[in-house]
Amino acid sequence: MASSPASSATLSHVHALQSKHAGLEARLRDEMARPSPDTTMIQSLKKQKLKLKEEIQRS
């Protein structure tokens, strides 16, 4: 059974969102590992991750 173009596009979109989420996670980890982490940056990265997670769950 072949997948429809719509489901293939959705799957591709979800993979892109998951990649962005993983990239934000890496940036967050790096920032938190610094001797003097930027708390504003950490807060921003966490918000971005949450928005992506919510979008992934809606897809």
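## Terms and model

A residue is called buried under 20% relative accessible area, exposed over 50%, and partly exposed in between (1.4 Å probe, protein chains only). This is a predicted model, in which local features need pLDDT of at least 70, side-chain atom pairs count only at pLDDT 80 or more, and totals for chains, interfaces and linings use all residues. Residues are numbered from 1 along each chain as its sequence is written, and side-chain values use heavy atoms, with hydrogens and water left out.

Glu25 is partly exposed, because its relative accessible area is 27%. Glu25 belongs to helix H1, residues 5-33 (helices are DSSP runs of H or I, at least four residues, numbered from the N terminus). Lys49 sits in helix H2, residues 39-58, and is buried at a relative accessible area of 15%.

The side chains of Glu25 and Lys49 make a polar contact at 2.2 Å. Such a contact is a pair of N or O atoms within 3.5 Å; within protein, one must be able to donate a hydrogen and the other to accept it, and residues adjacent in sequence count only if both atoms are side-chain atoms.

## Contacts and core

Apart from neighbours within four places in sequence, Lys49 is in contact (heavy atoms within 4.5 Å) with His21, Leu24, Glu25 and Leu28. With that exclusion, the contacts of Leu28 are Ile42, Leu45, Lys46 and Lys49.

Leu24 and Leu28 are among the 8 residues of the largest nonpolar core, a set of buried Ala, Val, Leu, Ile, Met, Phe, Trp, Tyr and Cys residues joined through side-chain atoms within 4.5 Å. H1 and H2 are the elements that give two or more residues to this core.
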